[in-house]
Number of protein chains: 4
Amino acid sequence: MIIVVSPEATPDDIDHIVARIEQTGRQAHLSVGTERSIIGVIGPDDPGLQDVFEALPHVESVHRVTKPYKLVSRDFHPLNTIVDVGNGVIVGGRDLVIMAGPCSIESEDHIFDSARAVKAAGANILRGGAYKPRSSPYAFRGLGEEGLRCLAAAGAETGMPVITELMSQRDIDAVCEYADIIQIGARNMQNFMLLDEVGKVHKPVMLKRALSGQIEEWLLAAEYIMAQGNPNVILCERGIRTFETAYRNTFDVNAIPLVKELSHLPIIADPSHGTGKVGLVTPVALAGIAAGADGLMIEVHNDPEHALSDGAQSLTYEKFGVMMRAVSGVAAAVERTLTGVRTPAAAR
Amino acid sequence: MIIVVSPEATPDDIDHIVARIEQTGRQAHLSVGTERSIIGVIGPDDPGLQDVFEALPHVESVHRVTKPYKLVSRDFHPLNTIVDVGNGVIVGGRDLVIMAGPCSIESEDHIFDSARAVKAAGANILRGGAYKPRSSPYAFRGLGEEGLRCLAAAGAETGMPVITELMSQRDIDAVCEYADIIQIGARNMQNFMLLDEVGKVHKPVMLKRALSGQIEEWLLAAEYIMAQGNPNVILCERGIRTFETAYRNTFDVNAIPLVKELSHLPIIADPSHGTGKVGLVTPVALAGIAAGADGLMIEVHNDPEHALSDGAQSLTYEKFGVMMRAVSGVAAAVERTLTGVRTPAAAR
Amino acid sequence: MIIVVSPEATPDDIDHIVARIEQTGRQAHLSVGTERSIIGVIGPDDPGLQDVFEALPHVESVHRVTKPYKLVSRDFHPLNTIVDVGNGVIVGGRDLVIMAGPCSIESEDHIFDSARAVKAAGANILRGGAYKPRSSPYAFRGLGEEGLRCLAAAGAETGMPVITELMSQRDIDAVCEYADIIQIGARNMQNFMLLDEVGKVHKPVMLKRALSGQIEEWLLAAEYIMAQGNPNVILCERGIRTFETAYRNTFDVNAIPLVKELSHLPIIADPSHGTGKVGLVTPVALAGIAAGADGLMIEVHNDPEHALSDGAQSLTYEKFGVMMRAVSGVAAAVERTLTGVRTPAAAR
Amino acid sequence: MIIVVSPEATPDDIDHIVARIEQTGRQAHLSVGTERSIIGVIGPDDPGLQDVFEALPHVESVHRVTKPYKLVSRDFHPLNTIVDVGNGVIVGGRDLVIMAGPCSIESEDHIFDSARAVKAAGANILRGGAYKPRSSPYAFRGLGEEGLRCLAAAGAETGMPVITELMSQRDIDAVCEYADIIQIGARNMQNFMLLDEVGKVHKPVMLKRALSGQIEEWLLAAEYIMAQGNPNVILCERGIRTFETAYRNTFDVNAIPLVKELSHLPIIADPSHGTGKVGLVTPVALAGIAAGADGLMIEVHNDPEHALSDGAQSLTYEKFGVMMRAVSGVAAAVERTLTGVRTPAAAR
């Protein structure tokens, strides 16, 4: 950590800062400049220390020079993490994963029908919400455990691992029983108690970025999970909140290569939430893959205008098929593969 | 709700939209314009309907004309809500409330000392965190239940109700046992399961605005609590996240009069988190009161440079006293009172 | 336009609103709802009317139902606009354009060397700044007219049209004399006087999106240029300002397909400014092309660590060559072509 | 400046960085840490250097330790600047200034009527736009020079200095002839050519903050003006653009005390643009004064529903009078005075 001292500080003021640094068991390394003095803090970093030093009189600013996360950092683990989610599907390898299905599980028939359709088009993981985070308490909030049971059955029939959102510590046993991947939604990215809980199980966890989550906060949230002993973390960029009102969220494509540089964890792109508009889903899916994402999460519905949630951003089965063929071409261009899709090239 | 139809829609396309509206049990009222047609939807509103109509083909946009919340709305309850938090303190009346104390409860002695100091300066509610939301899993996360016990004892000794943050459904019984007001922090504003839980108890709840929480989402989060039967909700503006990096958060002073216009619930200003810089706390506290807030939440520490958290935004006892005298003057100018502070006028 | 009336409005209040609408020469179409009444305004739209109606007593909100721009709208001109920028290069066709070169023109030799290098790697338009917008008045602000002369000479020698930024009405004649495309920078997107000026000449204009420019404002800025008679407008997405501090700007990939849907104008992606970090430029360039951009603008420098500006986001000649080969693959996957690059496929 | 070196850098890599620093004529001061090495750069700061060092290989981050502005800094000029704007009105003293009037100058009669009304209520500077920045090219863009003439005449009759916006270098002579204070609008905060021009005249300049202008950028824009020799700069906080859609802009009250801490320049609060909603103007005006602003800029119109622009945020004469009495009370509480308003206290 580097402490920049205010210009008006006297030698005594600087001595006081140095003493406080030494009190924490670290060494202070003073450089007296022409305008300002700078103090380097040498010794183990501690996330609380920045606060401590910022509170000292005559401290103008405090700069961290080490990253606040360790286990998720590529410095710590240079090779890409590969997460095995079951049924022969791995996340983070050369093969892209495609998670697809309806926003909400609406009925047993509906999820079975969806599962068969997305599988046929080349998806390899089935998604569906049983517990739905809704802004309004009066909106449809999901089928709960009955929904989980249907989802698991549909996954089993089609041979796909399933992913679903966990919103409450109380539901962790049920979700672990039925799901292959636990999703932590954007609104719970900093629900630290929930992060602790999913860190204690060994299921793969997909952690979505918060609406205003900075990359560093997101990686620290992943660190919470890994710090409890669960190394199977997958990140998911799902759009951030900005000043732009033309779309529900702004998909942050920069995040994909930056996360790849900073961390060894795999990252999925969610253009359905990342745009909120059906017409933008396919181009942004292609962008995500071109930028280096390890897969996609896509909302698909046989009849979006009768969907119980997120109809405006759901692809029909037909549009999903078209998207998958386009993804296949871009995947090949960036040296990734898409199993289960007959590529346009192969079809010729 | 109003549906704007795309210019290219044919009469058949419009009929399809009308039929879908009628299927939901509502009436459609069509106005054919020169460029675009517009359809008014008449009948009870439903938060899921916007999604449904946006998913229809040839729908360009959907505009809601009623507010999505009811119980929190001033339309529903025109008079200001007054929340009785015990020990003779009410929130939302002519008297301002001042919640003050350390960020974290650090020890029994420390919270007793803090309680006496803030009481002496005119505070009437004691704050202190026993469960701390921290970005890093390696930071100090609070004393837990032992902290709650100390907080309650310090409140009892000084005759002040106490407020503390609840982060997990698992801790609700403990927090209800010791606290007079349950705080829901910014990161949990849309932790819907936790909102449901605190809606089921009858303790007053202070709901902080999320870092990127829109006013409407914040009021809907309050609606979650009220919809479960708990009418004792207090709102707290604590700064939002913007592009500006010169302060930790940007205190949104506009929110105060707008919330007062839209809702009957009381609202507190938190300039400590709203700025993150000790030098800005007092001017922004004065601004909050001038704009109509019902009180303040202020972090105070006897020795900020040794605080276990948030030292950089904590006032010393002395600075807190200075702030209280300044608040007293502004309060009088906007026809509010501050009990327990010897006003400069009275002192003359 | 649709006017939503407050619930408390009396019939007289509504009559007053209707009368004000009729005063503007438009018709009012009233729908009385159960909770609120709604008034449709029928007649020609006018950008100032929203303001007028919002100022009326008992008006809760005003919703526009037509787009505020006309000439730039795809409704008005369904086919893609193709802009001929000279030397056989067109923007907006199946062929992608690649604008490349140094941030600033540093010397005659330097721009000639850069021109040859980017041309060899497949660029077809040469970029270089002679007038530089700099946050600080003490930074290098460009070579001015001498820079323009060097740029034009380098373009002529290598057979590439050239693009450069115009910052002031006073320099328009000089820029028109030397440049083939006039760039309007992000900070001048709403410099309406400058937009009027470049609307009066017939040079192609590339209009960058402002740091916090909404899509609608950006298209209205293009409308300013077209309204003066210049149809040769090219848009450029160069990243927006958000809460994220890990990169200088956040490239908004959603904007590309949305602009394509709303407007007939071509759009270029600028991943150099859109990220501000050299390591992210190539993946984001690929993302831009995958999402449908008509070309790229890339900062290239032979020796970034000695660049006079923007070194941290400039590709070396070698990295630019690597990027071009990768772009070529993605272009083919989305059915675009890149003339002048030996594609990996063709090379095999 | 401090350079943090990547952990993988070898001693040779570090030598290369040191050599590049020395090449710029500065000294390098190396501290070898356990995880990372840090290099302090000793010698004069230069705004372009950060770019240069960020572009060096193995540089992880570059931290500036000195502020990039000088003339506007309180370090350079510790006492508050007082700007004399004529007719006995000074900005930045104990007396608050109140700039009031219509958004646009609509006619000679109208501006005279407005001037008398705002003067009677206690305003001491007259505002009115002759050149209006409008998002749409089809909106009313002001009366131009004829408007300036009317404004100056109305100011002369009522004994008030006048302020009006300059949008183009071409109009500078006309604006200087008629106005006492030149306003630079938010959209031109980084129109560097215009800043240079107003720096060359000796008229007071009021510089509004850009919609997404960071405090540092805003102060650098003021530095542009001062660097050309004009010391009479007044800042104006007029709301920033955030994710919140409930108001047109978010008034950033934190900016007021922070600007006061960093700079000696006076600062005005504009709650009309800072909220965009008439119902929020008065509370936010009070907040601005409570936070330490040196005055207010308020849009006032005799008949907002017939205003040619900004009706929805304009106060009527009556509401302006009510606001002025409330401001007077808060001003007294923060030890400021408001000449020309009969204070409630004085009235008793």
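1. To begin with a term used throughout: two residues are in contact when they have heavy atoms within 4.5 Å. Helices (H or I, at least four residues) and strands (E, at least two) are DSSP runs, numbered from the N terminus. With that in hand, look at chain B, where F192(B), L195(B), D196(B), V198(B) and G199(B) of helix 6 touch A221(B), Y224(B) and I225(B) of helix 7.

2. A word on the ground rules. This is a predicted model, in which local features need pLDDT of at least 70 and side-chain atom pairs count only at pLDDT 80 or more, while totals for chains, interfaces and linings use all residues. Residues are numbered from 1 along each chain as its sequence is written, chains are lettered from A and ligands numbered from 1 in the order in which they are written, and side-chain values use heavy atoms, with hydrogens and water left out.

3. Back to that helix pair in chain B. The axes of helix 6 (residues 192-200) and helix 7 (residues 215-227) of chain B come within 7 Å and cross at roughly 40 degrees; axes here are lines fitted to C-alpha atoms, for helices over the stretch in contact, and angles run from 0 to 180 degrees between N-to-C directions. Helix 6 and helix 7 of chain B are therefore oblique to each other (under 35 degrees counts as roughly parallel, over 145 as roughly antiparallel, 65 to 115 as roughly perpendicular, and the rest as oblique).

4. The crossing of these two helices in chain B is right-handed, meaning that the near helix is turned clockwise from the far one by less than a right angle. The contact of helix 6 with helix 7 in chain B involves 6 nonpolar residues, 1 polar and 1 charged.

5. For chains A and B, 54 residues of chain A are in contact with 54 of chain B. The pair buries about 4700 Å², 47% of it on carbon and sulfur atoms; buried area is the accessible area (1.4 Å probe) that two parts lose on being put together, summed over both. On the chain A side, Y138(A), R241(A) and E305(A) lose the most area to chain B, together 14% of what that side buries.

6. There are 10 salt bridges between chain A and chain B, each a side-chain nitrogen of Lys or Arg within 4 Å of a carboxyl oxygen of Asp or Glu. One of them joins E217(A) and R241(B), at 2.7 Å from N to O.

7. Chains C and D also bury about 4700 Å² between them, and their count is 10 salt bridges. R241(D) pairs with E217(C), the closest N and O atoms being 2.7 Å apart.

8. Over all chains the count comes to 81 salt bridges. Within chain A, K260(A) and D294(A) form one, with their closest N and O atoms 2.5 Å apart. This pair links distant parts of the chain, 34 residues apart: K260(A) is in helix 8 (residues 255-262), and D294(A) is in the loop between helix 10 and strand 14 (295-299).

How values were computed. Ala, Val, Leu, Ile, Met, Phe, Trp, Tyr, Cys and Pro count as nonpolar, Asp, Glu, Lys and Arg as charged, and the others, Gly among them, as polar.
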